[in-house]
Amino acid sequence: MSKSINKVTSTAVPLQQENVDTDQIIPARFLKATSREGFGENLFRDWRFNSDGTPKKDFVLNNPAYSGKILVAEKNFGCGSSREHAAWAIKDYGFDVVVSSFFADIFKNNALNNFLLPITVSEEFLAEAFASIRQNPGATFTVDLEAQTISNDFGGQTEKFGINNYKKTCLLNGYDDIDYLLSIRGEIENFEKAHA
């Protein structure tokens with residue numbers, strides 16, 4: 001599983017559903033495991049599969065026309081309980097980026113801590129993104145984390161997005177909190193010597 005994110009150019013999967021909560025992303029009955037692997041197979045489990053385990057033909061993840069590393073979702077994505085497993089499941093499935101016009105704060109933080117980039121865009125950009133994907137499932141989007149831009153390569157729109165500078169540094173370098181501290185070890189040691 002890749003940790004660092006800088007530029008991502010990919011097709012996208014359109015999830016046209018508002019208020020997607022964490023129980024829909026990964027149902028509670030799958031939260032027993034403590035490692036981050038294997039959650040992707042149960043991503044949107046109750047929307048993807050019938051009770052007998054057969055795929056639901058009308059759910060977007062079961063549509064072979066759509067694939068890619070970018071999930072485009074309607075507003076208020078990741079609401080509900082604070083389970084970190086929701087970010088694990090999306091990342092484990094193969095997504096690196098989730099685009100929405102609004103994210104629940106706890107989900108957003110969990111995503112950033114798990115090398116999944118949540119990008120908040122305007123309602124207008126989101127509507128154009130859905131329109132582009134509907135018109136051409138092969139339409140790509142380019143995310144440039146360094147520049148903090150997302151571009152709809154098919155529709156031509158580009159928007160800036162915000163991100164905490166610390167989290168940006170961590171994503172660009174593939175650092176978790178410990179890795180980051182180790183990366184500035186020299187500076188910490190110099191500070192300690194100067195203030196001994």
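**Note on arginine 83 and the overall fold**

1. Arginine 83 lies in the loop that connects strand 2 (70–73) with helix 3 (85–93). The model under discussion is a predicted one.

2. The relative accessible area of arginine 83 is 16%. Because buried means under 20% relative accessible area, arginine 83 is classed as buried.

3. Which side chain forms a polar contact with the side chain of arginine 83? The partner is the side chain of aspartate 23, at 2.9 Å.

4. As regards secondary structure, the protein contains eight helices and seven strands. Among contacts between residues at least 6 apart in sequence, 64% join residues at least 24 apart.

5. The radius of gyration of the protein is 18 Å; for 196 residues a compact globule would have a value near 16 Å, and the two agree. The C-alpha trace spans about 65 × 45 × 25 Å along the principal axes of the protein.

6. Of the 196 residues, 44% count as buried, and arginine 83 is buried too. The protein exposes about 10000 Å², of which carbon and sulfur atoms supply 48%.

7. The charge count is 20 positive and 26 negative side chains. The centres of these two sets lie 3 Å apart.

How values were computed: Residues numbered from 1 in each chain as written. Predicted model: local features only at pLDDT ≥ 70, side-chain atom pairs only at ≥ 80, totals over all residues. Heavy atoms only, no water. Helix = DSSP H or I, 4+ residues; strand = E, 2+ residues; numbered from the N terminus. Rg over C-alpha atoms; globule rule 2.2 N^0.38 Å. Buried < 20%, exposed > 50% of the residue type's maximum accessible area, 1.4 Å probe, protein only. Contact = heavy atoms within 4.5 Å. Areas by Shrake-Rupley, 256 points an atom, 1.4 Å probe, with all protein chains shown as cover. Lys, Arg positive; Asp, Glu negative; His and termini not counted. Charge placed at Lys NZ, Arg CZ, Asp CG, Glu CD. Polar contact = N/O pair within 3.5 Å; in protein donor to acceptor, adjacent residues only side chain to side chain.
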